[in-house]
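This report looks at the overall build of a protein chain and then at its salt bridges. Please view the sequence and structure first.

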Amino acid sequence: MSERTERERTEPERPGAEHWVPNTASLDRLRAAVPDCRGCELWRAATQPVFSTGSRSARIMIVGEQPGDREDREGEPFVGPAGRVLAEALAAAGIDRRDVYLTNAVKHFRHELRGKRRIHARPAVGHIVACRPWLVAEFASVSPEVVVALGSTAARAVIGRTVRIGEVRGVLLPPPNDGAPSAALPAPVLVTTHPSAMLRIEDAADRERGIARLVADLRTAASGVAGRRSETERC
Ligand code: URA
Ligand code: SF4
């Protein structure tokens with residue numbers, strides 16, 4: 001058996017989701033298969049998996065981190081407080097929800113128990129990697145024209161390596177081209193701050209500024225779609 005690093009020893013055993021992801025472009029079939037996934041241990045403590053919302057014809061794919069407490073109970077992504085911030089930012093950016101496919105990097109809610117309360121716990125890199133085959137299948141099915149990664153977990157999942165948000169945020173990055181898994185993602189990527197960060201900003205003026213930047217980033221992403229479309233129209 002190969003030696004495991006200290007970090008890996010503290011991380012879960014994780015075969016990864018690959019074995020459970022059906023070879024299909026049908027979102028309904030993918031969705032129906034997620035509850036069986038045992039690609040990592042997160043399914044154990046979660047109520048249910050949270051897959052995605054939106055259709056294959058959406059041109060903008062937005063990737064969040066993982067379901068929160070509300071999402072875990074309702075089975076839908078972004079139905080809690082962060083989802084409200086995102087919905088308002090999308091509306092302010094003039095983005096039609098029908099053009100958005102919304103999903104998460106990790107499909108089960110990772111949390112810790114404090115008494116009866118379930119406290120959000122960030123997914124480890126191992127969980128992001130384990131769950132990525134679902135995301136790759138979604139890229140292939142939806143073929144978005146642009147992908148928006150909300151926060152560092154989503155950026156890690158979409159780009160396939162760790163990036164500093166401050167260094168990459170707000171610009172359309174070329175399609176990640178780092179080998180086979182990303183070959184399924186021939187679309188530019190825009191990384192921005194996770195909307196839940198806005199909920200933690202106490203100062204009202206700072207929060208307004210944060211939301212304005214999020215809206216501006218979403219507009220940039222949408223302009224990537226319009227630009228690509230006019231390019232193809234010209235041909
Ligand atoms: N935060 C996320 O990243 N995803 C959700 O679905 C809800 C909150
Ligand atoms: Fe499978 Fe992802 Fe859930 Fe882990 S978090 S069990 S990889 S669906």
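## Terms and model

A residue is called exposed when its relative accessible area is over 50%, buried when that area is under 20%, and partly exposed in between. The model is predicted.

## Overall build

The protein chain has nine helices and eight strands. Of its 235 residues, 50% count as buried. The accessible surface is about 12,200 Å², and carbon and sulfur atoms hold 50% of that surface.

Among contacts with a separation of 6 or more, 72% join residues 24 or more positions apart.

## Salt bridge within helix α3

The structure contains ten salt bridges. One of them pairs Arg73 with Asp69, at 2.3 Å from N to O. Both residues sit in helix α3 (residues 69-74), four residues apart, or about one turn of the helix. Arg73 is partly exposed at 49% relative accessibility. Asp69 is also partly exposed, at 27%.

A network of salt bridges links Asp69, Asp72, Arg73 and Arg118.

## An exposed pair and a buried pair

Glu167 and Arg164 form a salt bridge, with the closest N and O atoms 3.7 Å apart. Arg164 has 61% relative accessibility, over the 50% cut-off, so Arg164 counts as exposed. Glu167 is exposed too, at 62%.

Asp217 forms a salt bridge with Arg169, and their closest N and O atoms are 2.4 Å apart. Asp217 belongs to helix α9 (residues 204-234), while Arg169 lies in the loop between α7 (165-168) and β7 (172-173), so this pair ties together parts 48 residues apart in sequence. Asp217 is buried at 8% relative accessible area. Arg169 is buried at 16%.

Conventions
Residues numbered from 1 in each chain as written. Chains lettered and ligands numbered in written order. Predicted model: local features only at pLDDT ≥ 70, side-chain atom pairs only at ≥ 80, totals over all residues. Heavy atoms only, no water. Helix = DSSP H or I, 4+ residues; strand = E, 2+ residues; numbered from the N terminus. Buried < 20%, exposed > 50% of the residue type's maximum accessible area, 1.4 Å probe, protein only. Contact = heavy atoms within 4.5 Å. Areas by Shrake-Rupley, 256 points an atom, 1.4 Å probe, with all protein chains shown as cover. Salt bridge = Lys/Arg side-chain N within 4 Å of Asp/Glu carboxyl O.
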